Amino acid sequence: MPEDQPIAQAALWIGQLLQQFPELASELVPGRASAAARPAAAPPPGLDARLRQEREEALLLQQRHGLTAPGHSAAPLRLHVSDTIRDITDGVVELEEAVRDRLGLPRPRRATVPERLRRIAGLLDDIAADPVLAAHVRDEARRMARRCARALGDTETVVRMSGRCPWCDSVSLRAFPDRGAVLCINPACRCEDPHCGCRDDPAYRHTWSEGEWERRTSAAARNDRKAAR
């Protein structure tokens, strides 16, 4: 996987979406007893398929008429979760179509959101050759991953790092282990990469993948040792 900006960042956000998007379905209808609270029992034949169909129908009704989920559960749908599912689903479909159109590829076949995300990830090497497209993929993947995380109520683990940012020289480096990234949280930080979002998006922070950061710090340590000789 390419480690340059912004493709490495797009890969990080797509990976986070792949991990978290399936969790939205279980959050859609609240109030179900947890598996640990119920005795183990064999599910009726076809239950999973029926539940999926009912959730899809409930979501469609809710979006059109503001109804609660019918049938299997009388619990109301969580509006913010259903809106998030719809937004991310539409966003991933539109993103894949835009990517394939820009790359001169045929329209994608129908697929689930995770499968579409994996197909986009498989095209990142080709996307990297088009800076405009690469920035668009990064921005959309980041937007959808953040919205997914908000709907799930996730709070990321943040680790303060020692040392100074190589771009702005401030003590503003933070590690985000869940997404495998290192960020500079200084709002005024600007890197030298003309395609990095930190240059034109006030809400964006310069990001390194863990692998890229380790290579950078290792190279810096070697240079320091050479200079000390």
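Buried here means under 20% relative accessible area, exposed means over 50%, and partly exposed is anything in between, using a 1.4 Å probe and protein chains only. With that in hand, R118 is partly exposed, at a relative accessible area of 47%.

A word on what you're looking at. This is a predicted model, so local features need pLDDT of at least 70 and side-chain atom pairs count only at pLDDT 80 or more, while totals for chains, interfaces and linings use all residues. Residues are numbered from 1 along each chain as its sequence is written, and side-chain values use heavy atoms, with hydrogens and water left out.

**Overall layout**

The protein chain has 7 helices and 4 strands. Both kinds of element are DSSP runs numbered from the N terminus: helices are H or I with at least four residues, strands are E with at least two. Along the sequence the pattern reads α-α-α-α-α-α-β-β-β-β-α. Of the 229 residues in the protein chain, 40% are buried. The chain exposes about 13100 Å², with carbon and sulfur atoms supplying 51% of that; the areas come from the Shrake-Rupley method with a 1.4 Å probe, and for residues only the protein chains shown count as cover. Take contacts (heavy atoms within 4.5 Å) between residues at least 6 apart in sequence: 58% of them join residues at least 24 apart.

**The sheet**

The 4 strands make an open sheet, ordered β1-β2-β3-β4, with antiparallel pairing. β1 (159-160) and β4 (207-209) sit at the edges with a single partner strand each, so one side of each has no neighbour in the sheet. Two strands count as paired if DSSP finds at least two bridges between them. Strand β2 (residues 173-176) and strand β3 (residues 181-184) pair in the antiparallel sense over 4 bridges. One of the residues involved is F176, whose bridge partner in β3 is A181.

Helix α6 (residues 131-152) has 22 residues, and at 1.5 Å a residue it should span 32 Å; its end C-alpha atoms are 32 Å apart, which agrees. The expected span is 1.5 Å times one less than the number of residues.

Now for the charged pairs. A salt bridge is a side-chain nitrogen of Lys or Arg within 4 Å of a carboxyl oxygen of Asp or Glu, and by this rule there are 11 salt bridges.

| Pair | N to O distance |
|---|---|
| E115 and R118 | 3.5 Å |

What about R142 and D139, which lie 3 residues apart in helix α6? They are separated by about one helical turn. R142 is buried, at 6% relative accessibility, whereas D139 is partly exposed, at 29%. Elsewhere, salt bridges that share partners tie D87, E140, R143 and R147 into one network.

R147 is partly exposed, with a relative accessible area of 27%.

E115 and R118 stay local, being 3 residues apart in helix α4 (residues 113-122) and separated by about one helical turn. An α-helix has 3.6 residues a turn, so residues three or four places apart point the same way. E115 is partly exposed, with a relative accessible area of 26%.
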